Amino acid sequence: MTHDHTHGIEKLNEMRLLGALEGISALLETHGVQKWSNWFRSDLEDYLAARGQPNQAQRQLAVITHILMAFGGMSEFSSLALKDENGALLPKANERLRELASHLWAGARGMQAAIMNK
């Protein structure tokens, strides 16, 4: 693989990661899931704040590790289901949540690999 190709894949993974963080935190906030909205919003801010810093790779890797912790084990995020005020499941919102979570996982794993292979 050429360097340009590798850099392009890394850029796509980063865009996927950042877009998913933004989307998932907004969706969760809209549905009143403040704990997880704040978790991912903070990760987004921390990831961006690391840009251009002397220890950028280490700081961004720490953020990515934090993101991936949300998916591990018996995490309540993994079993989160969005509901309306009456407790009824919201199928479209939950489908969007799963889609964003999938993009977030893939972007985070892709960036984790890219940073660790530098």
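Axes here are lines fitted to C-alpha atoms, for helices over the stretch in contact, and the angles between them run from 0 to 180 degrees between N-to-C directions.

**View 1. Helix α3 packs with helix α4 in this predicted model.** Helix α4 (residues 91–116) and α3 pack at an angle of about 145 degrees, and their axes are 10 Å apart. The crossing of these two helices is left-handed. On the α3 side the contact is made by Ala57, Gln60, Leu61, Ile64, Ile67 and Leu68, which meet Leu104, Trp105, Ala108, Arg109, Met111, Gln112, Ile115 and Met116 in α4.

**View 2. Helix α2 passes helix α3 in a left-handed crossing.** The axes of α2 (residues 34–49) and α3 come within 9 Å and cross at roughly 165 degrees, and the two helices are therefore roughly antiparallel to each other. From α2, the residues Trp39, Phe40, Asp43, Asp46, Tyr47 and Ala49 meet Arg59, Gln60, Val63, Ile64, His66, Ile67 and Met69 in α3. The residues of this contact divide into eight nonpolar, two polar and three charged.

**View 3. Val63 is a buried residue of helix α3.** Val63 lies in α3, which spans residues 56–69, and has a relative accessible area of 8%, so that Val63 falls among the buried residues. Apart from neighbours within four places in sequence, Val63 is in contact with Asp43, Asp46 and Tyr47. Although Tyr47 and Val63 are 16 residues apart in sequence, they are 6.1 Å apart in space, C-alpha to C-alpha.

How values were computed: Residues numbered from 1 in each chain as written. Predicted model: local features only at pLDDT ≥ 70, side-chain atom pairs only at ≥ 80, totals over all residues. Heavy atoms only, no water. Helix = DSSP H or I, 4+ residues; strand = E, 2+ residues; numbered from the N terminus. Buried < 20%, exposed > 50% of the residue type's maximum accessible area, 1.4 Å probe, protein only. Contact = heavy atoms within 4.5 Å. Parallel < 35°, antiparallel > 145°, perpendicular 65-115°, else oblique. Left-handed = near helix turned anticlockwise from the far one by under 90°. Nonpolar A, V, L, I, M, F, W, Y, C, P; charged D, E, K, R; others polar.
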